[in-house]
Protein chains: 2
Amino acid sequence: MENDIVSQKLELLRKKDEQAFNEFSGAFETGSCNKGEILIPMYKTCDRLYIVQSGIAKQFRHKEDGSEYITWFSFKGDLLVAFTSFVTQEPSKEAIKIIEDCEYISISREMCYELASKYHAVETFFRELLEIYYMQSDERLFFLQSFTAKQKYNHILKEMPHFLQRLPQKELSSFLGIKRETLSRIRKYS
Amino acid sequence: MENDIVSQKLELLRKKDEQAFNEFSGAFETGSCNKGEILIPMYKTCDRLYIVQSGIAKQFRHKEDGSEYITWFSFKGDLLVAFTSFVTQEPSKEAIKIIEDCEYISISREMCYELASKYHAVETFFRELLEIYYMQSDERLFFLQSFTAKQKYNHILKEMPHFLQRLPQKELSSFLGIKRETLSRIRKYS
DNA sequence: TTCATTAATTGACATTTGTCACACGTTTTC
DNA sequence: GAAAACGTGTGACAAATGTCAATTAATGAA
């Protein structure tokens, strides 16, 4: 068992209600996607939830000027879902594209809600995941909002060094909310 | 019954499991707080969840330079909680201050988790609230990140006019992530 | 009402970051 | 392996927003 958040919560689920765990984990299918492919297209309704087993994916939206705004990178163990579309079942304003060849497991939205409704423990599993993702979103908001370009870079350097090692600067700069030229200049002087 | 999100979800809870609803809603206490007072202080652990009945509160953090960064304003019907601290039980990095005299109801964290554990329907209530708040956070992230100062102002003007009507510009500018002088200049030319 | 405090406006200027253009090196593809 | 596509680095300049200081307007307390 891995030590990422989803795995930890799955382990809790298994301890709490083995049958729920079995039914839930049995509902996942495996799949894979190559670099450059789109896993969840823009404007399509998202009806599956993915968990990355290997590789890297990026989640992004389009700004009004057409440029890309990257909301998150997903590595091994991370969830992959166009969240708002998944919940509301409306066309997604965000898309997911594969940066490095991915293997994943996935489960249908229908099954998620069915099992959350059937098993209290599954409902708890999702509630706890949401708590964590909400806290992360909060933190990212503060980060993007209150740090200068340099501070952002240093923060990534310190807290998420794997982002620097494994992501092209083009993508990373978008994630930091700065232009690639700016990132390039910051790197030059630090 | 009101038509805000929390009320809607409470109504769903009542329909789904009347006993859960009764026990849950019976666990709330009423209270009030005057303009200028701090409801949840910085660096204190947050162990209650509040729902605003009247008035306005602001939720904020301190940036590294000491200035204030406002994360949200809460009006009638909105939740009021230092979320990360509430979940992790660590000292809060955000605080809540009253902008206009507030009446509220509140419930202890302990009771929230106890009832979520006891009643599947209460767990569902929280999971669904979290879904909505997560979507809001996502949207705010995009808003802050991809709009210019002018676009932000126009967006608020259109989508949240009550913010403009009821909040001092000083507070609003912090919420928009711009300086008060900048907001003042934008208003002048639109 | 009046004085004191706080909020909003405005101007001049500084700073940060973005934009555009192009060079250079590295992958990918046929 | 050559051509094309892509990613990165760099310079000159532009634009948006911030900073500081001074003034005016609004608000609240005695």
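How does the radius of gyration of chain A agree with that of a compact globule of 190 residues? For 190 residues a compact globule would have a radius of gyration near 16 Å, and chain A has 18 Å, which agrees. The radius of gyration is taken over C-alpha atoms, and the globule rule is 2.2 Å times the number of residues to the power 0.38.

This is a predicted model, in which local features need pLDDT of at least 70, side-chain atom pairs count only at pLDDT 80 or more, and totals for chains, interfaces and linings use all residues. Residues are numbered from 1 along each chain as its sequence is written, while chains are lettered from A and ligands numbered from 1 in the order in which they are written.

**Chain A and its copy**

Taken along the principal axes, the C-alpha atoms of chain A fill a box of roughly 55 × 30 × 30 Å. Chain A has nine helices and six strands. Helices (H or I, at least four residues) and strands (E, at least two) are DSSP runs, numbered from the N terminus.

Chain B is superposed on chain A by a rotation of 180° with 0.0 Å of shift along its axis, at an RMSD of 0.0 Å. That is the relation of a two-fold axis. The superposition is by least squares on the C-alpha atoms of residues with pLDDT of at least 70 in both copies. The same surface serves both copies, as 100% of the contact residues of chain B recur in chain A.

**Where the chains meet**

In the contact between the chains, 26 residues of chain B meet 27 residues of chain A. Two residues are in contact if their C-beta atoms, placed from the backbone, lie within 7 Å. On the side of chain B that touches chain A, helix H3 (83-88) and helix H5 (120-146) of chain B each supply at least two residues. H5(B) gives the largest share, 18 residues. By class, this side of chain B has 11 nonpolar, seven polar and eight charged residues. Ala, Val, Leu, Ile, Met, Phe, Trp, Tyr, Cys and Pro count as nonpolar, Asp, Glu, Lys and Arg as charged, and the others, Gly among them, as polar.

**Surfaces near the DNA**

A residue is near a strand if its C-beta atom, placed from the backbone, lies within 6 Å of it.

Two or more residues each come from helix H6 (149-159) and helix H9 (180-188) of chain A, and from helix H8 (169-176) and helix H9 (180-188) of chain B. H9(B) gives the most, with six residues.

DNA strand D is surrounded by 15 residues, and the closest are A:Lys170, A:Ser184, B:Thr148, B:Ala149 and B:Thr182. Here the elements with two or more residues are helix H8 (169-176) and H9 of chain A together with helix H6 (149-159) and H9 of chain B. The largest share, five residues, comes from H9(A).

**The pair H8 and H9**

In chain A, the axes of H8(A) and H9(A) are 8 Å apart and pack at an angle of about 100°. That makes H8(A) roughly perpendicular to H9(A). Axes are lines fitted to C-alpha atoms, for helices over the stretch in contact, and angles run from 0 to 180 degrees between N-to-C directions. Angles under 35 degrees count as roughly parallel, over 145 as roughly antiparallel, 65 to 115 as roughly perpendicular and the rest as oblique.

From H8(A), A:Gln169, A:Lys170, A:Leu172, A:Ser173 and A:Leu176 meet A:Arg180, A:Thr182, A:Leu183 and A:Ser184 of H9(A).
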